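Please keep the sequence and the model in view throughout.

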Amino acid sequence: MATVKSPTKKLTHIKFWRESVDGEEEFDQLPKSNSLSHSSMSSAALASTFFATSPKLPRSNLIRKLPRARSLPQLNRATLIAPIVVSALGAEFARSDSESELDSGNGVKKLVDSLFVLCTSVALSAALFFADIDSASAFVVTTPRKLQSDELATVRLFQENTPSVVYITNLAARQDAFTLDVLEVPQGSGSGLVWDTQGRIVTNYHVIRGASDLKVTLSDQSTYDAKVVGFDQDKDVAVLSIEAPKGKLRPIPIGVSADLLVGQKVYAIGNPFGLDHTLTTGVISGLRREISSAATGRPIQDVIQTDAAINPGNSGGPLIDSAGNLIGINTAIYSPSGASSGVGFSIPIDTVSSIVDQLVKFGKVTGPILGIKFAPDQSVEQLGVSGVLVLDAPPNGPAGKAGLQSTKRDAYGRLILGDIITSVNGKKVANGSDLYRILDQCKVGDTVEVEVLRGDKLEKIPVILEPKPDSS
């Protein structure tokens with residue numbers, strides 16, 4: 001009995017266009033038979049693109065040659081997925097007349113191939129539908145970023161100290177002109193730092209000056225009402241208190257400012273212009289600088305100068321060294337425009353620590369005073385003398401009790417100059433800053449010898465220093 005063979009046709013090849021990695025056009029060659037339709041060939045070509053082994057090329061060339069693609073969520077996914085599924089289903093169920101005459105072995109093989117294409121298409125469709133990633137990033141694997149040792153140290157320092165920096169909002173009470181309602185309006189902001197786990201926050205006095213209410217925002221964005229523990233206007237330091245869980249309070253490590261060196265690396269953390277936790281780096285540009293207090297005009301000695309960018313909003317924030325220890329509190333900048341010009345100043349931590357201890361214990365700074373009001377330095381210079389001219393010495397003050405004379409007018413309205421202080425304890429006094437500097441080295445109850453120019457005679461008068469009266 002003669003066997004009738006199924007008519008078969010010689011296999012040929014179909015070429016599919018694609019763009020190679022090198023940017024040139026080349027062909028993918030796939031076997032063609034009458035049993036496979038053009039749509040199934042497209043699915044097979046698409047499957048081969050994803051599952052075939054790609055040539056080994058340098059990663060840099062691969063990334064550079066990959067075409068740019070929009071994010072998949074921006075595409076019409078239904079338009080992209082539907083042809084894949086339809087072509088796969090057509091490949092399984094659409095068969096030509098000649099396919100039915102193939103032997104059983106070839107039929108099973110073709111069926112397995114069709115099922116493979118179908119499963120591949122469905123899996124790819126599901127991945128494209130549910131994945132919310134860029135199409136380019138789906139096929140490009142980037143290695144973790146490698147940082148230098150100094151960069152890693154800076155990143156670690158910022159991450160460890162950021163929880164210790166807070167954001168302070170200064171609210172002022174304002175009355176509406178039409179409704180007469182009293183509203184709290186933000187009038188300023190600044191930075192601060194967590195001093196201890198009892199909820200004490202240290203900042204600059206000028207950050208909280210004139211506030212009717214204060215808000216402190218921690219690094220986790222939780223906000224608490226703050227109360228003023230005490231402040232020192234002369235040194236521009238203030239201490240606040242908040243009622244926050246101890247688990248949220250991370251005190252900043254306290255360092256030492258006595259052994260700092262010019263050129264040492266420093267880092268400033270704060271909230272400039274209301275931005276959340278900004279880090280700037282620099283070096284110590286100078287030591288033992290002197291600036292005037294923004295509230296009283298009294299000099300602040302031994303100030304640290306740095307070129308780390310300090311902008312409005314950084315006030316009250318920490319200046320830390322490379323070990324992560326607090327060495328100063330950022331307080332002022334020298335800039336005609338009001339923005340950072342590379343000259344910033346920080347109050348040394350040794351000065352801040354002594355002030356904070358007194359504010360926590362007594363609620364005030366028990367600094368000694370002479371008990372006088374003196375004329376501006378320019379007025380004394382116009383008189384052609386050097387020293388501090390006493391304008392007023394209240395009788396109940398230390399200087400008044402000791403007998404210092406105030407400036408006054410006689411019966412004819414002529415000005416009679418008061419005593420001019422020329423030295424204290426043998427140290428020359430040329431202006432008000434010199435007087436403040438000497439008094440900062442004294443304690444309450446000390447007796448100082450004040451030399452004054454009275455008329456054309458020099459006299460030495462002992463004065464017992466008394467504590468500064470309470471400030472409201």
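A residue is called buried when its relative accessible area is under 20%, exposed when that value is over 50%, and partly exposed in between. The model discussed here is predicted. By this definition Lys-215 is partly exposed, because its relative accessibility is 26%. Asp-225 is also partly exposed, at 48%.

These two side chains meet in a salt bridge, with a distance of 2.3 Å from N to O. The pair links distant parts of the chain, for Asp-225 belongs to strand β7 and Lys-215 to strand β6, ten residues apart. A search of the whole structure finds twelve salt bridges. Another one joins Asp-220 and Lys-248, at 3.5 Å from N to O. Asp-220 lies in the loop between β6 and β7 and Lys-248 in the loop between β8 and β9, so this contact ties together parts that are 28 residues apart in sequence.

Helix α10 covers residues 432–440, and its buried residues include Leu-435, Tyr-436 and Leu-439. At the start of α10, a side-chain oxygen of Asn-431 comes to within 3.2 Å of the backbone nitrogen of Ser-433. Arg-437 forms a salt bridge with Glu-290, their closest N and O atoms being 2.5 Å apart. Since Arg-437 lies in helix α10 and Glu-290 in strand β10, the pair ties together parts that are 147 residues apart in sequence. Salt bridges with shared partners also join Asp-234, Lys-235, Arg-298 and Asp-440 into one network.

Elsewhere, Leu-147, Leu-152 and Val-155 form a nonpolar patch on the surface, with about 210 Å² of accessible area together. Of these, Leu-147 is found in the loop between α4 and α5.

Technical notes: Residues are numbered from 1 along each chain as its sequence is written. This is a predicted model: local features need pLDDT of at least 70, side-chain atom pairs count only at pLDDT 80 or more; totals for chains, interfaces and linings use all residues. Side-chain values use heavy atoms; hydrogens and water are left out. Patches are made of residues with over 30% relative accessible area and no salt bridge: like charges are joined within 9 Å, nonpolar side chains (Val, Leu, Ile, Met, Phe, Trp, Tyr) within 5 Å. Accessible areas come from the Shrake-Rupley method with a 1.4 Å probe; for residues, only the protein chains shown count as cover. A salt bridge is a side-chain nitrogen of Lys or Arg within 4 Å of a carboxyl oxygen of Asp or Glu. Helices (H or I, at least four residues) and strands (E, at least two) are DSSP runs, numbered from the N terminus. Buried means under 20% relative accessible area, exposed over 50%, partly exposed in between (1.4 Å probe, protein chains only). A polar contact is a pair of N or O atoms within 3.5 Å; within protein, one must be able to donate a hydrogen and the other to accept it, and residues adjacent in sequence count only if both atoms are side-chain atoms.
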